[in-house]
Structures are given as structure tokens and as C-alpha cells.
Amino acid sequence: MEKEFLQELLHTPSPSSMEMAIQKKWMKYVAPYADEIRTDHAGNVIAVLNEKADFHLLLAGHCDEVAFVVNRIDDQGFVYVEKMGGINPKSAIGMKVEILGSEKNVNGVIGVNAQHHGGLKGDFDVEDLFIDCGATSKEELERNIQIGDLVVYRRNSEILNDRYISGRGLDNRTGAFIVAEVIKRLKDQKLNIGIYGVSTVNEETNMGGAYFAAAGLKPDAALALDVTFATDYPSVDKRKHGDIRLDGGPVLAKGAPINRKLNQLLEKSAKKLEMNVQYELTPRHTGTDADKMRLTGNGVPVSLVSLPLRYMHSPVETASLKDIEEEIELLVEMITNMSGTETLNPLED
């Protein structure tokens with residue numbers, strides 16, 4: 001597993017709607033291992049293998065991250081923001097940020113009311129946040145930034161105890177990374193099916209990238225590769241949210257949107273590898289790219305394979321390197337053993 005490439009992705013700002021820089025890096029990395037690289041008008045990058053096969057499987061991992069977006073600059077030069085995706089404002093206090101300006105990037109800090117002056121309100125939200133860039137006027141800042149510019153945390157990833165990786169935007173640059181690694185490992189395999197490995201955009205805001213990809217490629221089946229909530233740290237109610245652990249293996253979804261036969265293929269591969277898998281419930285929808293892909297064209301059978309993740313949508317999201325490697329191995333095992341004649345119709349044997 002190329003940890004250096006994973007960290008390169010994690011260190012590249014990729015807020016939803018501004019994924020161009022990370023997509024160019026993903027494309028450069030994957031190109032030597034794909035038969036063809038394509039892009040589309042949504043901003044997706046598509047790595048193609050064995051397209052002449054009769055059966056095609058789409059692997060989708062989104063590369064965008066949650067962020068803030070500038071919505072106002074006051075006369076004193078303080079910047080106010082709105083959410084771009086489900087970013088947690090309570091994790092932002094005291095953090096360093098980078099505004100991806102229209103002219104140049106601008107560093108800043110998210111201010112915090114001193115405890116001596118009453119501290120923070122318990123019920124504060126994003127409208128209570130402000131960014132201090134060291135400016136003294138609105139005019140000074142407007143030379144470089146404008147309304148609609150995106151804001152990310154200045155937070156690089158780090159390895160914890162040679163076991164876990166922590167940083168911002170593991171949701172879901174890890175998924176885009178897994179797609180790339182699967183394509184790399186399939187390059188020299190004799191495949192009976194065609195593969196579209198897609199680094200998708202906009203999942204955190206509208207899932208439009210996944211819709212463009214599946215509608216344009218018309219796969220016979222699709223797997224969304226995303227993250228899910230780990231519950232193995234203090235304060236999480238496992239009775240309510242289930243028991244999902246780092247180092248516990250990839251997580252398969254069970255629910256109405258999920259094609260049972262796709263899950264059975266994944267489970268068969270995990271058993272062959274003697275690999276543990278975990279389960280999460282998605283009764284009505286998954287909240288991932290799978291939901292949009294499923295409803296394209298004549299309908300696409302989907303499943304969801306997720307990486308357990310602690311502290312989702314915070315600057316310190318944390319995942320297991322072992323789980324990442326096992327998810328890659330699981331997908332490669334399943335794909336290389338598919339005949340291309342499988343039926344995913346639940347009413348057919």
C-alpha cells in the first residue's frame with residue numbers, strides 16, 4: 001500500500017466543488033495502471049480496465065472533503081463562513097485555516113472568545129464562527145479573497161502508533177485512494193469483467209459526481225467505497241449506533257438499497273481470505289454515492305463497502321491502516337474471481 005500517495009491526497013485541499021488539484025494527482029498516479037483514463041463534465045476521473053468485457057462494475061470513491069465557504073467579510077477584516085457539506089463547527093474553534101482565494105491563498109485562525117470574557121456559548125453554530133487573517137479592513141482582504149471562496153483546515157495527516165492515520169478529509173480521500181490501489185493491483189490480472197474505477201466529486205454536497213459517472217458509464221453493478229461511523233471510542237452509545245471498530249475489518253451495509261447478491265460475493269471473498277467483516281444498517285438509504293448511482297439509467301444494483309472512521313467531519317478523523325489494506329484486498333479478491341456471468345437479480349438463482 002502506497003502510504004505516501006495516501007498522505008499526498010490528504011494534504012491536497014479538495015473541498016466539494018473544488019476538486020481539480022486532487023483529481024489531477026489521482027489521474028497521474030492511476031494512469032500507468034489503467035487501459036484508459038477519462039474525465040467528465042462533473043469533474044470525475046475514470047480509470048478503465050478491460051472495457052470489452054460484457055459485464056462492467058463501477059467502483060466509486062469520492063475525493064471531496066467538507067469545508068467552509070466565505071459568505072461575508074466585515075469592515076474590520078474578519079471573515080464569516082457557511083458550511084460546504086456537513087462540517088462540524090464545534091470542532092473549528094482555535095483551528096488554523098487556509099482560505100483558497102481567487103487571487104492567492106490566505107492563512108487565518110478561527111477566533112475563540114477567551115474564558116476570562118465568558119468563553120463559548122454552549123449552543124453556538126457556524127454563524128458564530130469568524131476567521132482572523134490579520135487584516136485590518138475589508139478592502140485589504142478583498143484584494144485576494146471574495147464571497148464563495150472555500151476554506152479548509154491547515155491540518156496535515158499523521159500516523160498514530162504505526163497503526164492508525166489521522167487528519168482531515170479521510171472522508172473520503174481514503175475511498176479515492178482505495179479505488180486507485182485496486183486499479184493498480186488489477187492491472188496485470190486476467191479479468192472476466194470490465195472495471196470503471198472512479199474518483200467522484202461533490203459527494204459531500206449533492207452526490208452529483210456519482211450520478212454523472214453511473215449515468216454516463218451505464219455499469220451493470222456499482223460499489224460505493226466510503227467511510228462509516230466507528231463506535232469504539234468513549235461517549236458513543238453502542239446500543240444506539242452499533243458496534244463498529246477500527247481494526248475490525250471492512251464494513252458491509254445491509255438494507256433496502258443494497259443488492260444482496262453483491263454482498264454475498266463480498267462475503268464469499270472475505271471468507272476465502274479469512275478476513276473479518278463488520279456490518280452497518282442502511283434501512284432506507286445509505287447517505288453515500290450508492291444512492292445516486294442506484295437510480296441512474298434502468299437502475300443499477302449497488303452495494304456499499306465502508307472504512308470504519310472515528311471523529312467524522314472533524315480535523316482529526318482517524319482510520320486504521322490495516323482496515324484500508326484489507327478493503328483493497330477484499331475488492332481485488334472479489335473482482336478477480338468474478339466470471340462476468342453472475343446474475344444480480346434477487347429472484348434468479
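Ile 87 sits in the loop between β5 (78-84) and β6 (96-100). Strands (E, at least two residues) and helices (H or I, at least four) are DSSP runs, numbered from the N terminus. This is a predicted model: local features need pLDDT of at least 70, side-chain atom pairs count only at pLDDT 80 or more, and totals for chains, interfaces and linings use all residues. Residues are numbered from 1 along each chain as its sequence is written, and side-chain values use heavy atoms, with hydrogens and water left out.

Ile 87 is buried, at 2% relative accessibility. Buried means under 20% relative accessible area, exposed over 50%, partly exposed in between (1.4 Å probe, protein chains only). Leaving out residues up to four places away in sequence, Ile 87 touches Val 66, Ala 67, Phe 68, Tyr 153 and His 313. Contact means heavy atoms within 4.5 Å. His 62 is 25 residues from Ile 87 along the chain, and their C-alpha atoms are 16 Å apart.

## Barrel and aromatic pairs

Six strands form a closed barrel in the order β4-β5-β8-β7-β6-β9, with antiparallel pairing. Strands pair if DSSP finds at least two bridges between them. Two bridges link β4 (residues 67-73) to β9 (residues 150-153). Val 69 has Leu 150 in β9 as its bridge partner.

The structure holds six aromatic pairs. In one, the ring centres of Phe 68 and Tyr 153 are 6.1 Å apart and the planes stand at 90 degrees, so the pair is edge-to-face. Phe 68 lies in β4 and Tyr 153 in β9, so the pair ties together parts 85 residues apart in sequence. Rings of Phe, Tyr and Trp (its six-membered ring) pair if their centres lie within 6.5 Å; planes under 30 degrees apart count as stacked, over 60 as edge-to-face, the rest as tilted. Phe 68 is buried at 2%. Tyr 153 is buried at 5%.

## Two buried serines

Ser 16 lies in the loop between α1 (3-10) and α2 (20-30). Its relative accessibility is 1%, so Ser 16 counts as buried. Its side chain makes a polar contact of 2.7 Å with that of Thr 205. Such a contact is a pair of N or O atoms within 3.5 Å; within protein, one must be able to donate a hydrogen and the other to accept it, and residues adjacent in sequence count only if both atoms are side-chain atoms.

Ser 137 lies in the loop between β8 (131-132) and α3 (138-142). Ser 137 is buried at 19%. Its side chain reaches the backbone nitrogen of Glu 140 at 3.2 Å.
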